[in-house]
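Here is a briefing on one chain, grouped by topic. Please keep the model in view while reading.

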Amino acid sequence: MHYFFNIFFFRPCYLTPYLVGEGLSGLVPSLVAIAQGIENPECVNVTEEIFSPEIGGNITTEVLLPRIKEPRFSPEWFFVILLAMVLFSWLAFILLDKLPFCQKEKVECFTMKEYLNQECFEMQVASLDSDNKPPKTTQPSRALYLYLLFLQLWASIATFGIFPAIQPYSCLPYGDGPFHLTVTLCGVAYPAACLLAMFLEMRSVSWISWMSLAATVVSCYAMLTAIMSPHPPLLDSTAGPVLIVVCWVSFMFAFSYIKTMVTVLLGDYWGHRALFWCGAVTQAGAVAGVLLMFLLVNVFEVFHDEGMCLA
């Protein structure tokens, strides 16, 4: 949140690269986790004694249990890498705040009301890239402001709360390969969507709304497969794994692009205070989604799986 607030003291063109870096912060740990090893667990027969009330004694039975293979490197190294990422981020923040070159990239006026002041307007135009258009001089409606915050809230609930919790239930029935491919590509989708927003800014609220609706509809299939787990649609078909991977990556990419463009629009039209509330609703959406899925998964047990080994 602190980074999010301070980034708007810089020229507007740096907001989207910031979001790209934010997406990479989730991608790098995912790639490191995959590098640890994603081999399927080995199912072995284990003899167990269980009490049988019918005979009043123990009986011997054989069950299949998963044997998890050792990772390529220990979990301690994984957390060392995470610590290194945090330290690099901290160092980058200090350099942004202290380097003379970075100081030159800061701006003093960053609200729509200040843009209406001619002196501030001229200073901002001089700092913008030649291909950027000068800011508009009309204040958008408060209803639009609240609507954009709602889109950000819903996208955050979906991408940070609801769907990460059901991803194993949705993808694992199709196999470990589709599951890990989905996890990896979804990690790539966030920075890729932010990178696309650097070159293709879709500022039309109507288009953003339609994209949000389309992403929501597509995500319903992922929810359906999770609810029907461990027997989702097209389980025995070759199209099933392909469809589930495409489904997950497409709606995660769309929601990520929506969050990026909503953030850009809020910053351009309403300034740093809007960015603060954008960050607030993002965190609130993540918390709300996590709490909801905790209840559905652990309390009400809406989703089911058959475990790693089937008898």
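Ser170 lies in helix H7, which covers residues 142–171. The model is predicted: local features need pLDDT of at least 70, side-chain atom pairs count only at pLDDT 80 or more, and totals for chains, interfaces and linings use all residues. Numbering starts from 1 along each chain as its sequence is written, and side-chain values use heavy atoms, with hydrogens and water left out. Helices (H or I, at least four residues) and strands (E, at least two) are DSSP runs, numbered from the N terminus.

- Ser170 is buried because its relative accessible area is 0%.
- The cut-offs are these: buried means under 20% relative accessible area, exposed over 50%, and partly exposed in between (1.4 Å probe, protein chains only).
- Leaving aside neighbours within four places in sequence, Ser170 is in contact with Ala222, Thr225, Ala226, Ile244 and Trp248. Contact means heavy atoms within 4.5 Å.

**The chain as a whole**

- The chain has eleven helices and two strands.
- Read from the N terminus, the order of elements is α-α-β-β-α-α-α-α-α-α-α-α-α.
- Of the chain's 311 residues, 38% count as buried.
- Take the contacts in the chain with a separation of 6 or more: residues 24 or more positions apart account for 75% of them.

**Annotated segments**

- An unreviewed UniProt entry places the feature "transmembrane region" at residues 77–96, 144–166, 178–200, 207–228, 240–262 and 274–297.
- UniProt positions are given in the numbering used here, feature names are shortened, and annotations may be inferred rather than shown by experiment.
- In the model, residues 77–96 are 100% helix and 0% strand, with the end C-alpha atoms 29 Å apart.
- Residues 274–297 are 100% helix and 0% strand, and their end C-alpha atoms lie 34 Å apart.

**H2 against H8**

- Two packed helices are described by the angle between their axes and the distance between the axes.
- Helix H2 (residues 15–35) packs on H8 at an angle of about 165°, with the axes 8 Å apart.
- Axes are lines fitted to C-alpha atoms, for helices over the stretch in contact, and angles run from 0 to 180 degrees between N-to-C directions.
- H2 and H8 are therefore roughly antiparallel to each other. Angles under 35 degrees count as roughly parallel, over 145 as roughly antiparallel, 65 to 115 as roughly perpendicular and the rest as oblique.
- The crossing of H2 past H8 is left-handed. A crossing is left-handed if the near helix is turned anticlockwise from the far one by less than a right angle, and right-handed if clockwise.
- The H2 residues making the contact include Thr16, Glu22, Gly23, Leu27 and Ile34, and those of H8 include His180, Gly187, Tyr190, Pro191 and Met198.
- By class, the contact of H2 with H8 has 14 nonpolar, five polar and one charged residues.
- Ala, Val, Leu, Ile, Met, Phe, Trp, Tyr, Cys and Pro count as nonpolar, Asp, Glu, Lys and Arg as charged, and the others, Gly among them, as polar.

**H2 against H3**

- H2 also packs on helix H3 (residues 75–98), at an angle of about 160° and with the axes 10 Å apart.
- H2 and H3 are therefore roughly antiparallel to each other.
- H2 passes H3 in a right-handed crossing.
- Ser25, Val28, Pro29, Val32 and Ala33 of H2 meet Phe78, Ile81, Leu82 and Met85 of H3.
- By class, the contact of H2 with H3 has eight nonpolar, one polar and no charged residues.

- Ser25 lies in H2 and is partly exposed, with a relative accessible area of 38%.
- Ser25 and Pro191 are 166 residues apart along the chain, yet their C-alpha atoms are separated by 9.0 Å.
- Leu196 lies in H8 (residues 176–199) and counts as partly exposed at 33% relative accessibility.
- Leaving aside neighbours within four places in sequence, Leu196 is in contact with Phe253 and Tyr257.

**Backbone points to check**

- Most residues other than glycine have a negative phi, and most peptide bonds are trans.
- The peptide bond from Ser229 to Pro230 is cis, with omega near 10°.
- Pro230 lies in the loop between helix H9 (205–228) and helix H10 (239–270).
- Leu234 is found in the loop between H9 and H10, and its phi is positive, near 60°.
- Leu234 counts as partly exposed at 41% relative accessibility.
- Glu301 has a positive phi of about 50° and is found in the segment after helix H11 (272–299).
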